[in-house]
Amino acid sequence: MASAILLESALSFLGFGAPEPTASWGLLMADGFQDILDPAARPLVLAPGLLLFAAVTAFNLIGDGVREALDPRAQGALDPSAFMTSAQNRVMSPTPSPEGGEARPAEAKVPEVK
């Protein structure tokens, strides 16, 4: 949602978004940006920019909270090792020793830099 808001406001700021009578943070910032050298016009750019920042931050925080509340891994329902890749499993799984006996941990191979 936050990405859509940012995309729409950026396109509107550049003139490719919503048409003029439609309210948009990008259009508000573009109108204020035309008179940016006038100190009285600077709040016309800052106000929509700060509100845009607040809205995007709020959507990101709400999204993180919803994801954390609904994520089964965070609630302990799934074992985190179930999501390991096969390469991680090979490195972490014990390898049998050629002589028999106890299995020892696999040794990680470090690529040589030439």
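I began with contacts, where two residues count as touching if heavy atoms lie within 4.5 Å. Among contacts in the protein between residues at least 6 apart in sequence, I find that 20% join residues at least 24 apart.

**Ground rules.** I am working with a predicted model, in which local features need pLDDT of at least 70 and side-chain atom pairs count only at pLDDT 80 or more, while totals for chains, interfaces and linings use all residues. Residues are numbered from 1 along each chain as its sequence is written, and side-chain values use heavy atoms, with hydrogens and water left out.

**Overview.** I noted four helices and two strands; helices (H or I, at least four residues) and strands (E, at least two) are DSSP runs, numbered from the N terminus. Read from the N terminus on, the order is α-α-α-α-β-β. Next I looked up burial, with buried meaning under 20% relative accessible area, exposed over 50%, and partly exposed in between (1.4 Å probe, protein chains only). Of the 114 residues, 16% count as buried.

**Helix α3.** This helix has 29 residues and reaches 42 Å from its first C-alpha to its last, close to the 42 Å expected at 1.5 Å a residue. The expected span is 1.5 Å times one less than the number of residues. Which residues of α3 are buried? I listed Val45, Pro48, Leu52, Ala55 and Val56. Their cover includes α1 and α2 (25–33).

**α1 against α3.** The axes of α1 (residues 2–14) and α3 (residues 42–70) come within 8 Å and cross at roughly 160°. That makes α1 roughly antiparallel to α3. For the record, axes are lines fitted to C-alpha atoms, for helices over the stretch in contact, and angles run from 0 to 180 degrees between N-to-C directions. Angles under 35 degrees count as roughly parallel, over 145 as roughly antiparallel, 65 to 115 as roughly perpendicular and the rest as oblique.

I then wrote down who meets whom: Ala2, Ile5, Leu6 and Ser9 from α1, and Leu52, Val56, Phe59 and Asn60 from α3. This contact divides into six nonpolar residues, two polar and no charged. Here Ala, Val, Leu, Ile, Met, Phe, Trp, Tyr, Cys and Pro count as nonpolar, Asp, Glu, Lys and Arg as charged, and the others, Gly among them, as polar.

Leaving aside neighbours within four places in sequence, Ser9 is in contact with Gly26 and Leu52. Ala10, also found in α1, is partly exposed, with a relative accessible area of 38%.

**Phe33.** I placed Phe33 in helix α2, partly exposed with a relative accessible area of 46%. Not counting residues up to four places away in sequence, Phe33 touches Phe13 and Val45. The C-alpha atoms of Phe33 and Phe13 are separated by 9.3 Å.

**Salt bridge.** How many salt bridges does the structure hold? I count one, taking a salt bridge as a side-chain nitrogen of Lys or Arg within 4 Å of a carboxyl oxygen of Asp or Glu. Asp64 pairs with Arg67, the closest N and O atoms being 3.6 Å apart. Both lie in α3, three residues apart, about one turn of the helix. Asp64 is partly exposed at 36% relative accessibility, and Arg67 is exposed at 54%.
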